[in-house]
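Please read them with the model open.

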Amino acid sequence: MIEIRDLHKHFGDLHVLKGIDLDVKKGEVLSVIGSSGSGKSTLLYCINSLEKIQQGSVKIDGIDVHAKSTDVNKLRQKLGMVFQQWNSFPHLTAMENVALAPRIVKGKSKEEALHIAETQLKHVGLGDKLKNYPSALSGGQQQRLAIARALAMEPEYMLFDEATSALDPEKVGEVLDTMRLLAEEGMTMICVTHEMGFARDVSDRVAYFHHGVMEEIGPPEQIFDAPVSEHTRKFLANVR
Amino acid sequence: MQETITFFSGFGASDLWFLGDAALKTLWISLLSISIGTVLGVIFGWMLHEGKWMAAATIGSILDIFRSVPLIIQLVLFYNFAPIVGLSLDPFGSGVVILTIYTAALVSNVARGGIEAVPVSMRKASRSLGMSYWQDLFHIVLPIGGRAVFPAWIGVVLGVMKDSALVSVLGYVELLKASQILITRTQEPFLILALAGAFYFALSYPISRYAAKFEQRWAQ
């Protein structure tokens, strides 16, 4: 379970997150929507400690992410993350990309790590691209590679930071399908997304962020069909 | 009849050996300086990039001096003034020390460029997988950044190897000094300088060819 309490994040003078309280239960799929600069991506970075926070707390299964005594490298193994830029390691094949972290972080043997890599690449539909370098893969394939790479660490939670925003329109579907597959498998997911269709179909809950505040959170039917907040209504009217 | 004494004698096969041996010395002094200088340069480059410490400011300006002052002046100054502080080195030792620092100064900038060539988001991605700072540095930044600046580093290597000729001013008999000795004896500057040039070429060319091969392989 992810427990976020009174989370504040500043970038210099910029107050990006203004007191976020949010719980995400095991098995839940939460989509986070909102305009650019609303702080939704920053929230993900604060959850896995890629950004420091100024106030409040984030707990993963009871462990305080930002406590000095916490081993973040160990904690991050529980939290897979997929970025807007797919960030494939260009010097490694697809299989090596996926096998690297299990090998050096978890200390698996090379054979074991490569076996995990093969399994996960097949899982995301890249079984025929094992030996390819990222330069020979399309954006959509590289993003699926990034998902496989995160899954290879056997995370309990997956964080998606606008995973489809940098893709060509015709490649968005394949990545969303992979994300749907994970959701069906019961993965706990927080998806920062601009894909309203995906948010509506796949999410258990949808949160709308506005200027660093979580304006509204609820089941997709509420957010999309009967939003309570005026800001949510305006935002959705603009994206439709 | 008056006897003439000749100081000069023609170029012979043994002189070729002499040049070859000198070329090996050039290779040796370069190899030593470039290897140690590269390791130091990478460490300095990393410090400059991290820039957390006061050290970054001091190292940065010291390296600036070594980058900006002509090598020949550095060599003469070090060789003649180091003994004053009790550091008495022979020409070879002095040459290695100065060439090493000179290489480190050049490589530090190359290395910093390499670190900065790796996108921040890629480093965040590797950290998000649970890699530690050092794992990210060795498994991601080193290979990716290293490839990005490999051509620049090869440029430094070839440059330092040719610049090692300047150690001849201290009296170390490497390729250039050996040529000067032979020219004085044979009075055949054209032939001998052409030969020395050919030796330098023979040392440099394989390196650039080999480097090009690597780059080609990485480009795939």
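1. Helices H3(A) and H4(A) pack with their axes 8 Å apart, at an angle of about 125°. The two helices are therefore oblique to each other, and H3(A) passes H4(A) in a right-handed crossing. Please keep in mind that this is a predicted model.

2. Which residues make this contact between H3(A) and H4(A)? From H3(A) come A:Ala94, A:Met95, A:Val98, A:Ala99, A:Pro102 and A:Arg103. They meet A:Lys110, A:Ala113, A:Leu114, A:Ile116, A:Ala117, A:Glu118, A:Gln120 and A:Leu121 of H4(A). By type, the residues of the contact are ten nonpolar, one polar and three charged.

3. H3(A) is mostly covered, with nine of its eleven residues buried. Among the buried ones are A:Asn97, A:Leu100 and A:Ala101. The cover over the buried residues of H3(A) includes H4 and H5 of chain A, together with H6 of chain B.

4. Helix H5(A) covers residues 139-151, and its 13 residues should span 18 Å at 1.5 Å a residue. The C-alpha atoms at its ends are 18 Å apart, which agrees. Twelve of the 13 residues of H5(A) are buried, so this helix is largely enclosed by the rest of the structure. The buried residues include A:Gly140, A:Gln141, A:Arg144, A:Leu145, A:Ile147 and A:Leu151. They pack against strands E6 (79-82) and E7 (157-161) and against helices H3 (94-104), H4 (110-123) and H6 (169-184) of chain A.

5. Two loop residues of chain A deserve a look at their backbone. Most residues other than glycine have a negative phi. A:Ser49 is not a glycine, yet its phi is positive, about 65°. A:Ser49 sits in the loop between helix H1 (40-47) and strand E4 (55-60) of chain A. It has 21 C-beta neighbours inside 10 Å and so counts as buried, the cut-off being 20 or more.

6. A:Asn87 is another residue other than glycine with a positive phi, here near 55°. Its place is in the loop between E6 and H3 of chain A. Is A:Asn87 buried or exposed? With 25 C-beta neighbours inside 10 Å, A:Asn87 counts as buried.

7. The contact between the chains takes 20 residues from chain A and 16 residues from chain B. On the chain B side, helix H5 (120-128) and helix H6 (133-163) each supply at least two residues. The residues of that side divide into seven nonpolar, six polar and three charged.

8. Within chain B, the axes of helix H1 (residues 13-50) and helix H4 (residues 91-117) come within 5 Å and cross at roughly 40°. That angle makes H1(B) oblique to H4(B). H1(B) passes H4(B) in a right-handed crossing. The residues of this contact are 18 nonpolar, eleven polar and two charged.

9. B:Pro119 lies in the loop between H4 and H5 of chain B. Because B:Pro119 has 12 C-beta neighbours inside 10 Å, this residue counts as exposed. Its C-alpha atom is separated by 25 Å from that of B:Ala212, which is 93 residues away along the chain.

How values were computed:
Residues numbered from 1 in each chain as written. Chains lettered and ligands numbered in written order. Predicted model: local features only at pLDDT ≥ 70, side-chain atom pairs only at ≥ 80, totals over all residues. Helix = DSSP H or I, 4+ residues; strand = E, 2+ residues; numbered from the N terminus. Expected span 1.5 Å × (residues − 1). Contact = placed C-beta atoms within 7 Å. Axes fitted to C-alpha atoms, helices over the stretch in contact; angles between N-to-C directions. Parallel < 35°, antiparallel > 145°, perpendicular 65-115°, else oblique. Left-handed = near helix turned anticlockwise from the far one by under 90°. Nonpolar A, V, L, I, M, F, W, Y, C, P; charged D, E, K, R; others polar.
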